[in-house]
Amino acid sequence: MRRITPGRPRTELAEERRADLLDAAEGVFAERGIDAARIDEITGRAGVAIGTCCLHFSSERDIMLAVQARFVDRPVERQYAAVQNLPADDWTGRVGAWLSDAVRISVEHAELHDVLHGHTPVNATTETQVSPESAHVEAFRRLITERPDPPADAPNPAMAALLIYSAWDGGTHALLHHEADDIDRLADGLRADIAGLAHRYLRSER
């Protein structure tokens, strides 16, 4: 449990408690699944009282939605950082870097990714969907729109983002359920395949 430092702003402490709860929920969800998770287990792991939890979240579903949102926001921030490492005029490279890091993040956080996307029996009644409203899809759409001088036959950015993201999402799920010792090699292949598919669909040269 974090030690309270005198004089710290109340809002800062509240944000830390909320982050503690979300960190704990991620661990519980990854181990037990969303439907089997209990609030008292989450609060116990976070080191906070149930009453404190109720100040931030109204229900287990509210916690789940917050974990899902953060699970998307963090990779988006990381992928933007990967993109920013490339020259501004290297749009093709930026798209490839974005998709490559998306696969890499999912492999690194396979258990939580799997649970939050409703692919385990214990979590069968709670699923997330790939939709245009997804923060990840929207962020990828914005990246596509940054393309300088797109060709006349370039696809609509919103539809392109949705279809490419769906291909990445489905391929990643298949990869994570592939019981093999060479998962890193398979992930490398998937990153190359998804990038190649994206560039062909976007009518871009590599």
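Modeller: Rings of Phe, Tyr and Trp (for Trp, its six-membered ring) form a pair if their centres lie within 6.5 Å; planes under 30 degrees apart count as stacked, over 60 as edge-to-face, and the rest as tilted. By this rule, ring pairs link Tyr80, Trp98 and Phe140 into a cluster in this structure. The model is predicted, so local features are described only at pLDDT of at least 70 and side-chain atom pairs only at pLDDT 80 or more, whereas totals for chains, interfaces and linings use all residues. Residues are numbered from 1 along each chain as its sequence is written, and side-chain values use heavy atoms, with hydrogens and water left out.

Colleague: What share of the 206 residues in the protein chain do buried residues make up?

Modeller: Buried means under 20% relative accessible area, exposed over 50%, and partly exposed in between (1.4 Å probe, protein chains only). Of the 206 residues, 42% are buried. In helix α2 (residues 39-46), Glu41, Ile42, Thr43 and Ala46 are buried. Just after α2, Gly47 takes a positive phi of about 75 degrees.

Colleague: Let us return to the rings. How many aromatic pairs does the structure hold?

Modeller: A pair of aromatic rings is described by the distance of the centres and the angle of the planes. The structure holds three such pairs. Trp98 and Phe140 are stacked, because their ring centres are 6.2 Å apart and their planes lie at 20 degrees. Since Trp98 belongs to helix α5 and Phe140 to helix α7, this pair ties together parts that are 42 residues apart in sequence. Trp98 is buried, at 2% relative accessible area, and Phe140 is buried at 2% as well. Tyr165 and Trp168 form a tilted pair, with 4.6 Å between centres and 55 degrees between planes. Tyr165 and Trp168 are three residues apart in helix α8, so about one helical turn separates them. Both Tyr165 and Trp168 are buried.

Colleague: At what angle do helix α5 and helix α8 pack?

Modeller: Axes are lines fitted to C-alpha atoms, for helices over the stretch in contact, and angles run from 0 to 180 degrees between N-to-C directions. Helix α5 (residues 91-108) and helix α8 (residues 157-176) pack at about 35 degrees, with their axes 10 Å apart. A crossing is left-handed if the near helix is turned anticlockwise from the far one by less than a right angle, and right-handed if clockwise; α5 passes α8 in a right-handed crossing.

Colleague: Which residues make the contact?

Modeller: Contact means heavy atoms within 4.5 Å. On α5 the residues are Leu99, Ala102, Val103, Ser106 and Val107, and on α8 they are Ile164, Trp168, Thr172, Leu175 and Leu176. For classes, Ala, Val, Leu, Ile, Met, Phe, Trp, Tyr, Cys and Pro count as nonpolar, Asp, Glu, Lys and Arg as charged, and the others, Gly among them, as polar. This contact has eight nonpolar, two polar and no charged residues. In the protein chain, among contacts between residues at least 6 apart in sequence, 67% join residues at least 24 apart.

Colleague: How many salt bridges does a search of the whole structure find?

Modeller: A salt bridge is a side-chain nitrogen of Lys or Arg within 4 Å of a carboxyl oxygen of Asp or Glu. The search finds 13. In one of them, Asp20 and Arg17 meet at 3.4 Å, N to O; both lie in helix α1 (residues 10-32), three residues apart. Asp20 is buried at 12% relative accessibility, and Arg17 is buried at 14%.

Colleague: Which parts of the chain does the pair of Glu31 and Arg45 link?

Modeller: The closest N and O atoms of Glu31 and Arg45 are 3.0 Å apart. The pair links distant parts of the chain, with Glu31 in helix α1 and Arg45 in helix α2, 14 residues apart. Glu31 is exposed, at 56%, whereas Arg45 is partly exposed, at 40%.

Colleague: Why are Glu138 and Arg142 separated by about one helical turn?

Modeller: An α-helix has 3.6 residues a turn, so residues three or four places apart point the same way. Glu138 and Arg142 are separated by about one turn because they are four residues apart in helix α7 (residues 135-145). Their side chains meet in a salt bridge of 3.4 Å, N to O. Glu138 is partly exposed at 27%, and Arg142 is partly exposed at 35%. Elsewhere, salt bridges that share partners join Asp23, Glu26, Arg70 and Arg74 into one network.

How values were computed:
Helix = DSSP H or I, 4+ residues; strand = E, 2+ residues; numbered from the N terminus.
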